[in-house]
Structures are given as structure tokens and as C-alpha cells.
Amino acid sequence: MTSIFTIIGVAFFAQWSHQSNITAGVIIFLTSPLKIGDQIRIYEGEGIHGAITGIGLFFTTIITEENQRLMLTNTAFMQKLWSVKISTLK
């Protein structure tokens, strides 16, 4: 019985993780807090600077100034403090 409950618990956790990423991706898509091409800064540790290159159901992809591709899960992206660089309008 313990093994069965363990397997069921792991399955529910995995499903919850996928559903939370999809929900966060839909929130990002519908509320449009950022767009592909936006320059963003994530305030974690030393900070991450880069450009959004993709927004999917599970991941948001960022290319950093050091030309590295980072893929943040949408759930993690929604939990971090970040800002979008606003270009000045003329």
C-alpha cells in the first residue's frame, strides 16, 4: 500500500507542476506583461539581463548579454522580481 500511495503522490506532484507552468504561461500570454524582444532584468543573485526570445506554455526563453540562452519555467518566472526596460518615446 505504501508503494502505491508513493506512486500516486509522485504522479499528482508531477501533474500539479505541469498544470502550474501551463497556468503561468497562459497568464503571461493573456495579461501581456512582456513581449518577445523586450529587454528584461531579473533580480536574483547578481541579476540576469537579457532579451525575451520566446514565451511558451512551460518556459520563457531569455538570451543574456553574454549570449547564453536561459529557459525559466513560467512558474519560476512568475515568482521572481523582474523589470522590463522601457524605451523612451519621442
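Visitor: Is Thr 75 buried or exposed?

Guide: Please bear in mind that this is a predicted model. A residue counts as buried when its relative accessible area is under 20%. Thr 75 has a relative accessible area of 19%, so Thr 75 is buried.

Visitor: Where is Thr 75 found, and which residues is Thr 75 in contact with, leaving aside its neighbours within four places in sequence?

Guide: Thr 75 is found in helix H2. With those neighbours left aside, Thr 75 is in contact with Ser 20, Asn 21 and Ala 24.

Visitor: What is the relative accessible area of Asn 74?

Guide: The value for Asn 74 is 0%, and this residue is therefore buried. Asn 74 lies in helix H2, which covers residues 74–79. Leaving aside neighbours within four places in sequence, Asn 74 is in contact with several residues, including Asn 21, Ala 24, Gly 56 and Phe 58.

Visitor: Which backbone oxygen does the side chain of Asn 74 reach?

Guide: The side chain of Asn 74 reaches the backbone oxygen of Gly 56, at 2.8 Å.

Visitor: Where is Asn 67 found, and is Asn 67 buried or exposed?

Guide: Asn 67 is found in the loop between strand S3 (59–64) and strand S4 (69–73). The cut-off for exposed is over 50%. Asn 67 has 65% relative accessibility, so Asn 67 counts as exposed.

Conventions. Residues numbered from 1 in each chain as written. Predicted model: local features only at pLDDT ≥ 70, side-chain atom pairs only at ≥ 80, totals over all residues. Heavy atoms only, no water. Helix = DSSP H or I, 4+ residues; strand = E, 2+ residues; numbered from the N terminus. Buried < 20%, exposed > 50% of the residue type's maximum accessible area, 1.4 Å probe, protein only. Polar contact = N/O pair within 3.5 Å; in protein donor to acceptor, adjacent residues only side chain to side chain. Contact = heavy atoms within 4.5 Å.
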